[in-house]
Structure formats: C-alpha cells, structure tokens
Amino acid sequence: MAPSLLGGFTKSLAMTVLSEIGDKTFFAAAILAMRHPRKLVLAGCLTALIVMTALSACLGWAAPNLISRKWTHHVTTLLFFGFGIWSLWEGFKEDGDLEELAEVEAELDAAFKSNKGESKNKSKANEDTKKQQRPYLMQFFSPIFIKAFSITFFGEWGDKSQIATIGLAADENPFGVVLGGIIAQALCTTAAVLGGKSLATQISEKMVELSSGVLFLLFGIMSLLSGPDGEL
C-alpha cells in the first residue's frame, strides 16, 4: 500500500514543530529579528528552511529507488528509535534552559561587532537612496536576507530534524512530508521573529527535548508495527 498523504503530513508537522521550537536556528531568527527588519529576517530564514525541507524530502524520496523499501523502512524505524533515545537523553541531562540561547547570542554578537565598523561608514541617506533605486523584490536579496538565509541553512544542515525528515520522506508520502514540514517551519519561524527573545527565553529546552523523544519513540513503534507496506 502506498504511504498516505495525511500520514506524512501529520507526522512531519508534529516532528518539525517539536524539533524546531527551541532549536539553534529558532534562537538565531529571534535574535536577528531584534537587530534587523523583521520581514527580511523572516523571508531569509523561512526560505532557507523551505529549501532544506524540500531537499531533505527529495533525498528521502530517492532512497527507496536506490535500495528496497523494506530496508529504507527498517533504517527509518531505527532512526526514530535512535533520535527518540537521543532526545530523551539530552532532555534528562539538560542543566540550563538558556544555555543554547546564550551560545547563539554570543556567536551572533561576535559577527555583529565585526561588521559594525563597516556599517558606521555608511550614512543613512545613502542607504535610503540605494533602497529606492533597487526594485522591491531585489531588496529581499540584501545582505540581511543572505545572512538570515545562510545562518539558518547551514545551521540546519546535518541537524537531527533534517536527517529525520529524510527518513520520514523515505517511509511516508514525500508530498505530505514537505507540506507538513513547510507549515510547521512557517509557524515556528514566524513565532520566533515576532515573539523575539522574550518568547525564546520562556521556552523550556528540557520539555521540548523530552517531548521530541517521546514523539520519535512513538513514530518508531508505529513504524515497527506497520511494516514496510504501511499496514498495521
């Protein structure tokens, strides 16, 4: 039986929300939005996450064409159990909820200070003139957009959520996985950009990791019971 669109959508939505809330890229989006125009930060971060989700789903979709669906199903099941145990371990050993936020903020502060000297040499009048001369759409390809895109894209590359998306797309309907992932990414990134640092500081990384661990284990059990054909 072919994997259902709804199954891929719901699993991807739930997994992505729990993976991205309190993630390093979530904190980065919140901090960047405090220092730069929100629409550019949102556009850059969200574009990177959409591209990453689509690429991951494509890799997952291609996997059953390279090896049998039976083996991709077994690998995906092991990934779910592995990530579940990993997330629970990180949740139980988590000491401070703001540790990752402080780490991201320190990294962005260092980058911000290194570029501060250059920005002082540019007058606001010259910047306004340049913006007026550029077409509206081209304004999104400004250094701010590129910065938000690159920080988010490379921050997600090789992350647990990316690998899980690849595994999910290999075992579920890839269109459902992409749709659920994009909607979840949009919700999380918008919350980070609009809520800012105040929202980020209220997020319990411990609870997010524990919830993610339980969800991954649940997916693993469902995958184990369903078998490669998707039937329970």
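Visitor: Which residues does Ser19 touch, not counting residues up to four places away in sequence?
Guide: Ser19 touches Ser161, Ser212 and Phe216. Contact means heavy atoms within 4.5 Å. This is a predicted model, where local features need pLDDT of at least 70, side-chain atom pairs count only at pLDDT 80 or more, and totals for chains, interfaces and linings use all residues. Residues are numbered from 1 along each chain as its sequence is written, and side-chain values use heavy atoms, with hydrogens and water left out.

Visitor: Where is Ser19 placed?
Guide: In helix 1. Helices are DSSP runs of H or I with at least four residues, strands are runs of E with at least two, and both are numbered from the N terminus.

Visitor: Is Ser19 buried or exposed?
Guide: Buried, because its relative accessible area is 13%. Buried means under 20% relative accessible area, exposed over 50%, and partly exposed in between, with a 1.4 Å probe and protein chains only.

Visitor: How many helices and strands are in the chain?
Guide: The chain has 10 helices and zero strands. From the N terminus on, the order reads α-α-α-α-α-α-α-α-α-α.

Visitor: And how much of the chain is buried?
Guide: Buried residues are 41% of the 232 residues. The chain exposes about 12,400 Å², and carbon and sulfur atoms supply 69% of that area. Accessible areas come from the Shrake-Rupley method with a 1.4 Å probe; for residues, only the protein chains shown count as cover.

Visitor: What share of contacts joins residues at least 24 apart?
Guide: It is 93%, among contacts in the chain between residues at least 6 apart in sequence.

Visitor: New topic. What does the chain average in pLDDT?
Guide: The average is 77, and 72% of the residues score at least 70. pLDDT is the predictor's confidence in each residue, from 0 to 100.

Visitor: Which elements have the lowest and highest mean pLDDT?
Guide: Helix 6 (residues 124-133) has the lowest, at 47. Helix 3 has the highest, at 89.

Visitor: Where does pLDDT stay under 50?
Guide: Over residues 117-129. For that stretch, the model has one contact beyond four places in sequence.

Visitor: How many salt bridges does the structure hold?
Guide: One. Glu172 pairs with Lys11, and the closest N and O atoms are 2.9 Å apart. The pair links distant parts of the chain, 161 residues apart. Glu172 is in the loop between helix 8 (160-171) and helix 9 (174-201), while Lys11 is in helix 1 (residues 5-20). A salt bridge is a side-chain nitrogen of Lys or Arg within 4 Å of a carboxyl oxygen of Asp or Glu.

Visitor: Why can such side chains pair?
Guide: Side chains of opposite charge can pair when their charged atoms come close.

Visitor: Are Glu172 and Lys11 buried or exposed?
Guide: Glu172 is buried, with a relative accessible area of 12%. Lys11 is buried as well, at 10%.

Visitor: Back to helix 3. What is Ala48 in contact with?
Guide: Leaving aside neighbours within four places in sequence, Ala48 is in contact with Phe149, Thr152 and Phe153. Ala48 lies in helix 3. Ala48 counts as buried because its relative accessible area is 1%. Its C-alpha atom is 8.3 Å from that of Ala148, 100 residues apart along the chain.

Visitor: And Pro64, what is that in contact with?
Guide: Arg69, Thr72 and Ala170, again leaving aside neighbours within four places in sequence. Pro64 also lies in helix 3. At 18% relative accessibility, Pro64 is buried.

Visitor: What about Thr76, where is its place?
Guide: In helix 4 (residues 69-93). Thr76 is buried, at 2% relative accessibility. A polar atom of its side chain lies 3.1 Å from the backbone oxygen of Gly167. Beyond its neighbours within four places in sequence, Thr76 is in contact with Gly167, Leu168, Ala170 and Asp171.

Visitor: Last one. Where does Val51 lie?
Guide: In helix 3 (residues 38-66). Val51 counts as partly exposed because its relative accessibility is 33%.

Definitions and conventions:
A polar contact is a pair of N or O atoms within 3.5 Å; within protein, one must be able to donate a hydrogen and the other to accept it, and residues adjacent in sequence count only if both atoms are side-chain atoms.
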